[in-house]
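This briefing concerns the structure displayed below. Please keep the sequence and the coordinates in view while reading.

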Amino acid sequence: MNTNEFCKSCRKPKAIYNCGLCHEHTCKSCTQFMGEDHFSFLKKVPKELTHPTYCPQCFEEKVREPFDAYNHTMEQAKEILFFTKEQSKMTSKLKRNEEPYHVENCEDQDEALMRMSFFAVQGNFNALIDVQFHSKKIIVGSHKKTVWSATAIPVSVDPNSIKDYSSP
């Protein structure tokens, strides 16, 4: 780490970070930091979105738009309606034309549901029906943990058309 480098943006010395795209030096105050799991719900993360640090110019030119779109999709995914398999009487008249979504190796049921909801928003759906969760215990040495998988069918519905709908 060479501390004699100057920041690409503000020209201050001691620019200890490098932009993941242009590889120019940036100081801490100018660097845009990205968590390694920020785009984790995307099925395939584009290479330019996999870096932990960006200079302000590269962030604005290459990362800002997909970053904002991803966050918008995450917000919409929180609003997805969902109905478990046990609630199938409420959704019995809905057509099940789409292939079910499957997610695996999730930390908990909430993550599994959120991942499927994210996919639903990407596919222009507003509901998941016949949601089923499955857990599996994994033992590695003395460490035990439970991982979750889930399936659901994406649909588009008018929330008012579902009998006795109450937010699950």
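The structure is a predicted model. Its protein chain contains two helices and eight strands, and these follow one another along the sequence as β-β-β-β-α-β-β-α-β-β. With a radius of gyration of 21 Å, well over the 15 Å that the globule rule gives for 168 residues, the protein chain is more spread out than a compact globule.

**Overall form and surface**

- Taken along the principal axes, the box filled by the C-alpha atoms of the protein chain is roughly 70 × 45 × 25 Å.
- Buried residues make up 35% of the 168 residues of the protein chain.
- The protein chain has an accessible surface of about 11,000 Å², and carbon and sulfur atoms account for 48% of that surface.
- Where residues at least 6 apart in sequence are in contact, 60% of those contacts join residues at least 24 apart.

**Nonpolar cores**

- The largest nonpolar core comprises 32 residues, and Y101, V103, M116, F118, L128 and V131 have the most contacts inside it.
- At least two residues of this core come from each of α1 (56-77), β6 (101-106), α2 (109-122), β7 (127-140) and β8 (143-155).
- The element that gives the most to this core is α2, with eight residues.
- A second, separate core has seven residues, among them A127, I129, I153 and V157.
- Leaving aside residues up to four places away in sequence, V103 touches A112, R115, M116, F119, W148, S149 and A150.

**R115 in helix α2**

- R115 lies in helix α2 and counts as buried, because its relative accessibility is 16%, below the 20% limit for that class.
- Beyond the residues up to four places away in sequence, R115 touches S40, F41, V103 and C106.

**Residues with positive phi**

- Most residues other than glycine have a negative phi.
- N124 is not a glycine, yet has a positive phi of about 65°.
- The position of N124 is in the loop between α2 and β7, and N124 is exposed at 66% relative accessibility.
- D130, likewise a residue other than glycine, has a positive phi near 55°.
- D130 belongs to strand β7 and is buried, with a relative accessibility of 8%.

**Loop residues and distances**

- K43 is situated in the loop between β3 (32-33) and β4 (53-54).
- The relative accessibility of K43 is 69%, so K43 counts as exposed, the threshold for that class being over 50%.
- K43 and F119 are 76 residues apart along the chain, while their C-alpha atoms are separated by 8.8 Å.
- S29 occupies the loop between β2 (25-26) and β3 and is exposed, with a relative accessible area of 62%.
- S29 and K89 are 60 residues apart in sequence, and their C-alpha atoms are 55 Å apart in space.

Key. Residues are numbered from 1 along each chain as its sequence is written. This is a predicted model: local features need pLDDT of at least 70, side-chain atom pairs count only at pLDDT 80 or more; totals for chains, interfaces and linings use all residues. Side-chain values use heavy atoms; hydrogens and water are left out. A nonpolar core is a set of buried Ala, Val, Leu, Ile, Met, Phe, Trp, Tyr and Cys residues joined through side-chain atoms within 4.5 Å. Buried means under 20% relative accessible area, exposed over 50%, partly exposed in between (1.4 Å probe, protein chains only). Helices (H or I, at least four residues) and strands (E, at least two) are DSSP runs, numbered from the N terminus. Contact means heavy atoms within 4.5 Å. The radius of gyration is taken over C-alpha atoms; the globule rule is 2.2 Å times the number of residues to the power 0.38. Accessible areas come from the Shrake-Rupley method with a 1.4 Å probe; for residues, only the protein chains shown count as cover.
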